[in-house]
Amino acid sequence: MNNKKIILLSLSLLILLAISANAEDRRVLQCRVLARDFMTELKGELKAALRGGRSVQAISVCRKVAPELAERYSLSPGVQVGRTSKHCRNPENRPDSWEKEGLAILEKRRQQGETLAGMEYWQEVEEEGKRSFRYLRAIPAGSLCLRCHGEKIGSKLKKTLQRIYPEDQAVGYRLGELRGAFTITLSP
Ligand code: HEC
């Protein structure tokens, strides 16, 4: 191979690398925007519902609004948005094996001292012959959340939660712990 050919080959390799890096960057950006918008809308609805201490009514925000938002955000072709956690209230949100692994990685990073705000994890994966881009964004347990996910839950609220979610595992959280993650899958 002469020098010219070598230069051409390395140039095309560089261009290929740049293109693939950009594609990944684009997907990360897309996931960031989706997760941020989902979180802002949900928090807004939750805060409004909790105003005046109406916690029992606010259950419907998490119960109805969250899945509706997830569905709306998943309307674009190839986009799947949801929430998951190691300890779920609704069994439908339970993590699959990739999410389980990702949640464990986020938790490990938290224990090593990394701040949860903005913590994310992503990977290009191939599952059952299909390639996709998967993304998790950490959801910290804020003070607002402890009313329904904390160690001390009001008795009326507790009763209602137990009635609707007999398999509830999403209790006993402390401020700043990893409550779960927004989970996004982008398929080509
Ligand atoms: C008024 C009670 C209430 C409050 C306050 C609340 N949640 Fe929830 N949360 C729920 C309910 C009910 C569900 C189950 C939703 C469903 O059926 O999908 C849930 C589900 C979740 C899930 C999905 C995983 C799972 O456990 O099924 C996450 C993540 C979550 N909540 C995080 C939060 C965060 C973060 C906050 C604070 C910003 C918060 N929640 C505040 C009641 C509440």
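## Ligand shell

In this predicted model, helix 2 contributes the most to the shell around the ligand, giving seven residues. The ligand is surrounded by 25 residues, and the closest of them are Ala58, Cys62, Cys145, Cys148 and Gly180. Two or more residues of this shell come from each of helix 1 (3–50), helix 2 (55–73), helix 4 (143–149) and strand 4 (178–186). By residue class, the shell around the ligand divides into 12 nonpolar, seven polar and six charged residues.

## Packing of helix 2 against helix 5

Helix 2, which gives seven residues to the ligand shell, also meets helix 5 (residues 155–164): the axes of the two helices come within 9 Å and cross at roughly 35 degrees. The crossing of helix 2 and helix 5 is right-handed. On the side of helix 2 the contact is made by Ser55, Val56 and Ile59, while helix 5 supplies Lys156, Leu157, Thr160 and Leu161. Sorted by class, the residues of this contact between helix 2 and helix 5 comprise four nonpolar, two polar and one charged.

The four strands form an open sheet in the order 1-4-3-2, with antiparallel pairing. Strand 1 (79–84) and strand 2 are the edge strands, each of which pairs on one side only, and the twist from one strand to the next averages 20 degrees.

Phe133 has Leu186 of strand 4 as its bridge partner, whereas Ile139 is partnered in strand 4 by Gly180.

## Overall architecture

The secondary structure of the protein amounts to five helices and four strands, which follow the pattern α-α-β-α-β-β-α-α-β when read along the sequence. The radius of gyration of the protein is 20 Å, well over the 16 Å that the globule rule gives for 188 residues, and the protein is therefore more spread out than a compact globule. Taken along the principal axes, the box filled by the C-alpha atoms of the protein is roughly 80 × 35 × 30 Å.

Conventions. Residues numbered from 1 in each chain as written. Predicted model: local features only at pLDDT ≥ 70, side-chain atom pairs only at ≥ 80, totals over all residues. Near = placed C-beta within 6 Å. Nonpolar A, V, L, I, M, F, W, Y, C, P; charged D, E, K, R; others polar. Axes fitted to C-alpha atoms, helices over the stretch in contact; angles between N-to-C directions. Left-handed = near helix turned anticlockwise from the far one by under 90°. Contact = placed C-beta atoms within 7 Å. Pairing = 2+ DSSP bridges. Rg over C-alpha atoms; globule rule 2.2 N^0.38 Å.
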